[in-house]
Amino acid sequence: MCAADFKSACKKAGIALIVIFAARCLADGAVYLIGLLMNGCNRQLVSFLQELASILILYVGAITVTAKALGHSFDKTIYNKPKRFGKAISWFVPVYGAGQIANIVVLLISFVIASNKSAVQQTYEPMIHATETVGAWYLASLFIQMVVLAPLFEEYWFRGIIQTSLSQYGNGFAIVVSALCFGMAHGNIHQFFYCFIMGIGMGYVRYATGSILPTTIIHAMLNSISGIVVVAINTPLFTSAVIKLQKSVPLDNGEQALLVCLAIFLLIVLIVLGAGVAAAIGKLKHNRIYRPVNNNPSLSSKQKAAAVCKNPVFIIGFLLCAAYITAMIFI
């Protein structure tokens, strides 16, 4: 590989970022337009249509354009069951731990430096102010989107298309770029660092196993944690329990059972989090199998970094995505 070849790789990475920016803007526009045209209609129906529009634009449209721009064609072998499948899935624990470390650090920094903490508080709003319930069918569709659709589409997009297309230019480069795109695609500062760190972990698994099947399963497991909490706190039982607790009214058996189950689940999550933090530190020290080989050693890491920073297409794509994320802080 020569410098010109790697310049092409930087351009492809920049194009992927530009596609992400354009898709997010189009999705936001579609959501706003649907809300405007359906003002006064059933709130859950409007939300469902907005989510559907976002899926079609952010996933179907953006994935198709990215594949075309990067010259990627579908290869079913990326879904082959890999060797050491159990070991690959076990990476769920350190990936979750590493991601949560990044998440906690960003949240703490946000609370310290943000003059307007509303953006940070929105992270916890659903759990603190759960006073309005939503329909079961909407919760089911939301859970399916988080635990099924998002892992399937996003793993194919980032680890399947972007990482696969760029791996010929260096495995480490492909992992970092796919993780960067993964973080940028979520469109907000809090999820960016969390997803970027987890994207690197899943990128390692994708590289080592030659398959996105384990990363898709890990992604689904990660999202299921949030999905279960979101569904639980939006049930009528949880809402009535919160209202009764605020009024110091005794809870009925169903409400007590839900709160106990939720508390047990969150305790398990905290235990996994603690184990994940320890495992993530251990992987950094002793990672051998999942350490990517530099399959293009003709350029040093410094030369590659310099080429990335000097490529105009990559700079434009990165700045557009960064500007979008920054704008979301103030909206």
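Q: What should I know about the numbering and the model before starting?
A: Residues are numbered from 1 along each chain as its sequence is written, and side-chain values use heavy atoms, with hydrogens and water left out. The model is predicted: local features need pLDDT of at least 70, side-chain atom pairs count only at pLDDT 80 or more, and totals for chains, interfaces and linings use all residues.

Q: Where does α2 bend?
A: A bend at a residue is the angle between axes fitted to the seven residues ending there and the seven starting there. In α2 the bend is about 30°, at Ala62. The backbone oxygen of Ala62 also lies 2.7 Å from a polar side-chain atom of Thr66; a polar contact is a pair of N or O atoms within 3.5 Å, where within protein one must be able to donate a hydrogen and the other to accept it, and residues adjacent in sequence count only if both atoms are side-chain atoms.

Q: Is Thr66 buried or exposed?
A: Buried means under 20% relative accessible area, exposed over 50%, and partly exposed in between (1.4 Å probe, protein chains only). Thr66, at 1% relative accessibility, counts as buried.

Q: Which residues does Thr66 contact, leaving aside its neighbours within four places in sequence?
A: Contact means heavy atoms within 4.5 Å. Thr66 is in contact with Val19, Trp157, Ile161 and Ile162.

Q: How are the rings of Tyr59 and Phe153 arranged?
A: Rings of Phe, Tyr and Trp (its six-membered ring) pair if their centres lie within 6.5 Å; planes under 30 degrees apart count as stacked, over 60 as edge-to-face and the rest as tilted. Tyr59 and Phe153 have ring centres 5.1 Å apart and planes at 15°, so the pair is stacked. Tyr59 lies in α2 and Phe153 in helix α7, so the pair ties together parts that are 94 residues apart in sequence. Tyr59 is buried at 9% relative accessibility, whereas Phe153 is partly exposed at 26%.

Q: What kind of pair do Phe74 and Tyr156 form?
A: Their pair is tilted, with 5.9 Å centre to centre and 55° between the planes. Phe74 is exposed, at 54%, while Tyr156 is buried, at 14%.

Note on methods
Helix = DSSP H or I, 4+ residues; strand = E, 2+ residues; numbered from the N terminus.
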